[in-house]
Amino acid sequence: MEREAALKIVKEQLTDHRYQHTLGVMETAIALAKQYGADEKKAELAAIFHDYAKFRNKDEMRQIILSEKFPEDLLHYHSELWHAPVGAYLVEKEAGIKDKEVLNAIRFHTSGRPGMTLLEKVIYLADYIEPGRHFPGVEDVRALAKQDLDNALIQAVKNTILFLMKKNQSVYPDSYQTYNDLVMKRQED
Ligand code: DGI
Ligand code: FE
Ligand code: FE
């Protein structure tokens, strides 16, 4: 699917603010893909659709998690996590995106997962550092992203976990496992 067609579909699903965020993620994901040798077209498509399900209602998302046999433990954690796997499902069903790598990049864009692919890393990081993001620590991750994808990703995942813990929020196990996986692989270098 071409960029304009994809953007048109996504625009109808999002607020203007979230659409602007999506454009930022798209530009950033393409730049990271270029820099680190990921497929630029797949990065573009995954970025455009990554928050497709952000504004779906919780009951609909809960039903999809159950009927599609997504890990049920998701339902015990914050509903903010749900739009990622549900988005991957809906993007295939409603927008006809079939590419599994693109769908997985959408599916794992919030929690990450152990053994993330290059494309998954690009989307996770682009979501975190796109130019519209303004929060403590984002500049450090932007600087790291210019040098080393994994180091930037570790910092982004770590910041997310620390942010949640500071608010006494639960942390989804996949987020911890993503962190451990990246750090342990780093130590093997
Ligand atoms: O959808 P975006 O806002 O662009 O970004 P995102 O998909 O990374 O979602 C971020 C939200 O998800 C943010 O409010 C923190 C939350 N989140 C991310 N990882 C976890 C999490 N919430 C919980 N409870 N546990 C997690 O591991
Ligand atoms: Fe998201
Ligand atoms: Fe996002």
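First, the conventions. Residues are numbered from 1 along each chain as its sequence is written, and chains are lettered from A and ligands numbered from 1 in written order. Because the model is predicted, local features need pLDDT of at least 70, side-chain atom pairs count only at pLDDT 80 or more, and totals for chains, interfaces and linings use all residues, while side-chain values use heavy atoms, with hydrogens and water left out.

Now the ligand. Around ligand 1 there are 18 residues, where "around" means a heavy atom within 4 Å of it. Arg-18, Lys-54, Thr-110, Arg-133 and Ser-175 come nearest. By class, this shell has 4 nonpolar, 8 polar and 6 charged residues; Asp, Glu, Lys and Arg count as charged, and Gly is among the polar ones.

Which polar contacts does ligand 1 make with Arg-133? A polar contact is a pair of N or O atoms within 3.5 Å. A polar side-chain atom of Arg-133 lies 2.8 Å from an oxygen atom of ligand 1. For the side chain of His-21, the distance from an N or O atom to a ligand oxygen is 3.1 Å. Tyr-172 uses a polar backbone atom, 3.0 Å from an oxygen of ligand 1. Taken alone, ligand 1 exposes 570 Å², and the protein buries 86% of that (Shrake-Rupley method, 1.4 Å probe).

Last, salt bridges: a side-chain nitrogen of Lys or Arg within 4 Å of a carboxyl oxygen of Asp or Glu. The count is 20. In one of them, Arg-56 pairs with Glu-94, with the closest N and O atoms 2.8 Å apart.

Terms used. A polar contact is a pair of N or O atoms within 3.5 Å; within protein, one must be able to donate a hydrogen and the other to accept it, and residues adjacent in sequence count only if both atoms are side-chain atoms.
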